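Here's a quick briefing to read with the structure open.

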Amino acid sequence: MILTVEESNIIYGVLREAEQKIAEHIGKCVKLRFNIAKERGNPRDLLRVVAGALGYDNEDFRNKSRRPEYVMLRRVGAYLLRYNFPSLSLKSIGDFFGQDHTTINNTLAAAKNAFQTDDQEFIGLFSTAQQAVSDWLNQ
């Protein structure tokens with residue numbers, strides 16, 4: 001089952017609330033994770049599919065340029081990696097892009113903000129890539 005971004009955000013919100021309540025009861029911080037679907041494929045192949053769907057080469061994820069097209073490509077790729085491979089650490093995701101975990105954290109925050117502000121350019125690219133990934137996973 002593939003969840004929509006909205007459904008994932010709802011689940012994450014519920015998990016954050018549960019973490020706070022557990023911390024209040026036991027006096028310790030906890031971190032809850034969820035993985036609804038079994039991870040399929042591998043991250044490198046997912047990025048290959050995303051790059052192809054958006055008209056880029058796989059190497060373009062490591063391009064350090066701040067040109068908007070490369071920034072958007074990295075945001076889409078990082079978000080889809082995080083969504084489809086929730087067990088990957090931010091450091092592991094960063095390794096695919098030649099970036100550190102804090103940069104990936106900022107990239108994911110920017111992607112989330114793009115959804116919240118209804119950034120049509122980002123949403124269009126994301127939808128195209130997400131459909132290609134979904135087709136690839138369902139082969």
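Glu69 is a handy place to start in this predicted model: its relative accessible area is 28%, so it sits in the partly exposed class. Its salt-bridge partner is Arg67, with the closest N and O atoms 2.3 Å apart. Arg67 is partly exposed as well, at 48% relative accessible area.

**Salt bridges**

- The whole structure has four salt bridges, and the pair Arg67 and Glu69 is one of them.
- Arg16 and Glu19 also join their side chains in a salt bridge, at 2.7 Å from N to O.
- Both residues belong to helix 1 (residues 5-26), where being three residues apart puts Arg16 and Glu19 about one helical turn from each other.
- Arg16 is partly exposed with a relative accessible area of 27%, whereas Glu19 counts as buried because its relative accessibility is 9%, and the cut-off for buried is under 20%.
- Asp45 and Arg48 form a salt bridge at 3.8 Å, N to O.
- That pair lies in helix 2, again with three residues' spacing, or about one turn of the helix.
- Asp45 is partly exposed at 27% relative accessible area, and Arg48 is partly exposed at 43% relative accessibility.

**The nonpolar core**

- The largest nonpolar core has 33 residues, and the members touching the most others are Leu46, Val50, Leu81, Phe97 and Phe122.
- Two or more residues come from each of helix 2 (43-54), helix 3 (68-84), helix 4 (90-97), helix 5 (101-116) and helix 6 (120-137).
- Helix 6 gives this core its largest share, eight residues.
- As general background, nonpolar side chains tend to be buried together in soluble globular proteins.
- What does Val50 contact, once neighbours within four places in sequence are left aside? The list is Phe61, Val76, Gly77, Leu80, Ala129 and Val133.

**Helix 3 up close**

- Helix 3 runs for 17 residues and spans 24 Å from its first C-alpha to its last, close to the expected 24 Å at 1.5 Å a residue.

**A buried loop residue**

- Gln99 is found in the loop between helix 4 and helix 5.
- Is Gln99 buried or exposed? Gln99 counts as buried, because its relative accessibility is 17% and the buried class takes in values under 20%.
- Not counting residues up to four places away in sequence, Gln99 touches Lys64, Arg74, Gly94, Ile104 and Thr107.

**Aromatic rings**

- The structure contains seven aromatic pairs.
- One of them is Phe61 with Phe97, an edge-to-face pair with 5.5 Å centre to centre and 85 degrees between the planes.
- Phe61 is in the loop between helix 2 and helix 3 and Phe97 is in helix 4, so this pair ties together parts 36 residues apart in sequence.
- Phe61 and Phe97 are both buried.
- Elsewhere, ring pairs link Tyr79, Phe115, Phe122 and Phe126 into a cluster.

Note on methods: Residues numbered from 1 in each chain as written. Predicted model: local features only at pLDDT ≥ 70, side-chain atom pairs only at ≥ 80, totals over all residues. Heavy atoms only, no water. Core = buried A, V, L, I, M, F, W, Y, C linked by side-chain atoms within 4.5 Å. Buried < 20%, exposed > 50% of the residue type's maximum accessible area, 1.4 Å probe, protein only. Helix = DSSP H or I, 4+ residues; strand = E, 2+ residues; numbered from the N terminus. Contact = heavy atoms within 4.5 Å. Expected span 1.5 Å × (residues − 1). Phe/Tyr/Trp six-rings, centres within 6.5 Å; stacked < 30°, edge-to-face > 60°.
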